Amino acid sequence: MDLITTTEALASACSRFASAPFVTVDTEFMRETTYYSKLCLIQMAGPGLDGVLVDPLAPGIELQPFFGLMADERVLKVFHSARQDLEIVWNIGGLIPRPLFDTQVAAMVCGYGDSVSYEQLANDLAKARIDKSSRFTDWSRRPLSEAQLAYALSDVTSLVTIYEKLADELERSGRTDWVEDEMAILTSPETYRNDPDKAWMRLSGRMRKPREIAVLQEVAAWREREAQTRDVPRSRVLKDEAVIDIAVSAPRGVEALGRLRSVPNGFERSRAAADILAAVERALARDPATVTMPQRGRPRGGGNGATVELLKVLLRAVAESERVAPKVLATVDDLEAIADDDDADVPALKGWRRRLFGEKALALKAGRLALAIERGAVVATPREG
């Protein structure tokens, strides 16, 4: 198995794939020591075409032919569990491959469960056994072993058959547009933009005070920008626990910062510490009334908790009856919103999801639908009167 190591060879391969109706794509990358994923290998295959392996770390190679293929709207790009691969293409090439097909999403629509693995699909649909022993090897080291190359190539060659069989099943069942709806999130640039000003959201936890949230927002944004600039993991700049402790205690001087147990010894005398203290001061100077507070989950009081539980049973029953993964139809957040409001702005009450599940959910709430057990399975039946 030869590795493409020159721009000319890559351009030639991409030209061949440009004539195909679809191309299967996968990447191998490393992220343990960087903020952005380090692209280490690109794999591509297509119907009737030999699979290829591309070495993006080869000296002098330019990836523009690959990005050109990814942008070619005449060719469908097929990935499995595409999000991380798409993030890499977005960060390096500044584009999102279109049109797009994610076989993991398609498999959920076809009834393979909420998060079916590639290995299971390869075994079930392509009758292929994937040797996973190379999955967690160091893809940045050169030369790559024959075992690594074989594993990487099998990811895209088997994906050709997987795609073809899933596409046929979607066509037979009339569900092709269901998958197309799901691709909207994956093809949105907002999915891949790491906005420093939003970095605080995953750390807010149980914080309730505007002052704490303000400090958290400033410090988390500083850390995110620092990590991006240095291309290191967030934890290399400052651990989550330290960011949270700083938000709660709001230290206003070197000594106060140094007393926090989560802050490394001597950190308070660093340039970063000065930046953090400046961030704290900016936060404390803000008007508490202008601080954006985190949105909390809906309370399950007032009887809605029981309604949500019934909706979960209904969701499972509909999913089993229609042979589709439950989370494709509705999330727990969707169910909680429906329990609160018949006109909730959630995907489960729109389009094909409403026809398949949402209308039944509203009928169950209104007492027009009953749940019963028949032959060991939960069924939904209309209520008379």
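Predicted model: local features only at pLDDT ≥ 70, side-chain atom pairs only at ≥ 80, totals over all residues.
Residues are numbered from 1 along each chain as its sequence is written. Local features need pLDDT of at least 70, side-chain atom pairs count only at pLDDT 80 or more, totals for chains, interfaces and linings use all residues, and side-chain values use heavy atoms, with hydrogens and water left out.

**Exercise 1.** Describe how helix H5 packs on helix H6.

*Solution.* 
1. Find the helices, which are DSSP runs (H or I, at least four residues) numbered from the N terminus: H5 covers residues 118-125 and H6 residues 146-173.
2. Take the geometry: the angle is about 65° and the axes lie 9 Å apart, with axes fitted to C-alpha atoms over the stretch in contact and angles running from 0 to 180 degrees between N-to-C directions.
3. List the contact (heavy atoms within 4.5 Å): H5 gives Tyr118, Leu121, Ala122 and Leu125, while residues from H6 include Val156, Leu159, Ile162 and Leu166.

**Exercise 2.** Which residues line the second largest cavity?

*Solution.* 
1. Recall that a cavity is a set of points on a 1 Å grid over the protein atoms alone, where a 1.4 Å probe fits but cannot get out; lining residues have an atom within 4 Å of a point.
2. Read off the lining: Thr27, Leu39, Phe66, Phe67, Ile88, Val89 and Ile92.
3. Assign elements: helices H2 (64-71) and H3 (83-93) each give two or more residues, and H3 has the largest share, three residues.

How values were computed. 1 Å grid on protein atoms, 1.4 Å probe; cavity = no way out; pocket = protein on both sides within 12 Å on 5 of 7 lines; lining within 4 Å.
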